[in-house]
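Q: I would like a close look at one part of this protein, taken residue by residue. Please keep it brisk and give the cut-offs as you go.

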Amino acid sequence: MVEKIGRFHCFYVKIQTEEILERNSEVWNLCKRSGHIGGTQAAPATIVQPLKGCAGKVTSACGPKIYEFVFDNSGILSEKCCEQLVNAGRECHDSDTNSILSEGEFSKEEREEILARHSEVWNLCKRSGHIGGTQPVPAPTVQPLTGCAGKVTRACGPKVYAFVFDKSGVLSEKCCKLLLNAGRQCHDSKTNSILSEGEFSAEEKKEIMKRHNQVWNLCKKNGHIDIENTVF
């Protein structure tokens, strides 16, 4: 009797193992094919388009600085950048932030913090005319190529900027794809335009151009940039 129970137990365990291995393969194949198992895929959020007439009111050098303050809780704003923000108007400021919020996934708490900093940057610029630091001496501005504006979204553009100019940040597959689809000429034009708006030493320009090439090459090679494949 004990021997029969033992054989039955071994047979039962064998069946369980086979079923587990089958489900193991099934979960892999379903994830590869559908990207999820069961339920319904969340419908993508509607992207809020920025107000017409707002584009270009804040330069490609100042826009990412405002983004860093609002979304990354960091950064300083010169008098020049604060002046551009205030002159663009509160409606454009609100529109830009709402557009970026609609492009990404943010928790309720994150949204509350972002909107608090969104109001803070506006109020500080109106009250003090700058946020930290000192105002750089204005430099001749190289205009970006016509037709490049809007090819990289307001959510991804600052990430590319952070990688090239601030030696930080990661790029998702979506951001890398947008950068590559915009084309190398637009990528070059954007960096050269920002370089012309600020004061950079010869050594800083050399480092910036190195990272400018690196972000392009890593996106082409890997399709995304994370901490593991970044070497500064």
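How many salt bridges does a search of the whole structure find?

A: The search finds 6 salt bridges in the whole structure. A salt bridge here is a side-chain nitrogen of Lys or Arg within 4 Å of a carboxyl oxygen of Asp or Glu. This is a predicted model: local features need pLDDT of at least 70, side-chain atom pairs count only at pLDDT 80 or more, and totals for chains, interfaces and linings use all residues. Residues are numbered from 1 along each chain as its sequence is written, and side-chain values use heavy atoms, leaving out hydrogens and water.

Some background on the chain. The protein chain has 9 helices and 0 strands. Helices (H or I, at least four residues) and strands (E, at least two) are DSSP runs, numbered from the N terminus. Of the 232 residues, 32% count as buried. Buried means under 20% relative accessible area, exposed means over 50%, and partly exposed lies in between (1.4 Å probe, protein chains only).

Now the salt bridges. One of them joins Lys65 to Asp166, with the closest N and O atoms 3.8 Å apart. Lys65 is partly exposed, at 21% relative accessible area. Asp166 is partly exposed too, at 29%.

Lys159 forms a salt bridge with Asp72, and their closest N and O atoms are 4.0 Å apart. Lys159 belongs to helix α6 and Asp72 to the loop between α2 and α3 (79-88), so this pair ties together parts 87 residues apart in sequence. Lys159 counts as partly exposed, at 27% relative accessibility. Asp72 is also partly exposed, at 36%.

A salt bridge within a helix gives a contrast. Arg117 and Glu113 meet through their side chains at 4.0 Å, N to O. They are 4 residues apart in helix α5 (residues 108-128), and therefore separated by about one helical turn. Arg117 is buried, with a relative accessible area of 11%, whereas Glu113 is partly exposed at 48%.

Next, the rings. The whole structure has 3 aromatic pairs. One of them is Tyr67 with Phe71, a stacked pair with 4.8 Å centre to centre and 15° between the planes. Rings of Phe, Tyr and Trp (its six-membered ring) pair if their centres lie within 6.5 Å; planes under 30 degrees apart count as stacked, over 60 as edge-to-face, and the rest as tilted. Both Tyr67 and Phe71 lie in helix α2, 4 residues apart, about one turn of the helix. Both are buried.

Phe71 also pairs with Phe106: the ring centres are 6.0 Å apart and the planes meet at 50°, so this pair is tilted. Phe106 lies in the loop between α4 (90-103) and α5, so its pairing with Phe71 of helix α2 ties together parts 35 residues apart in sequence. Phe71 counts as buried at 12% relative accessibility. Phe106 is partly exposed at 26%. Through these ring pairs, Tyr67, Phe71 and Phe106 form a cluster.

Ile66 belongs to helix α2 as well. It is buried, at 9% relative accessibility. Leaving aside neighbours within four places in sequence, Ile66 is in contact (heavy atoms within 4.5 Å) with Val58, Leu77, Leu85 and His93. The C-alpha atoms of Ile66 and His118 are separated by 8.8 Å, although these residues are 52 apart along the chain.

Finally, the cores. A nonpolar core is a set of buried Ala, Val, Leu, Ile, Met, Phe, Trp, Tyr and Cys residues joined through side-chain atoms within 4.5 Å. The largest has 20 residues; Phe165, Leu171, Val215 and Ile225 have the most contacts inside it. Helices α6, α7, α8 (184-197) and α9 (202-222) each supply at least two of its residues. A second, separate core of 19 residues includes Tyr67, Cys82, Leu124 and Cys125.
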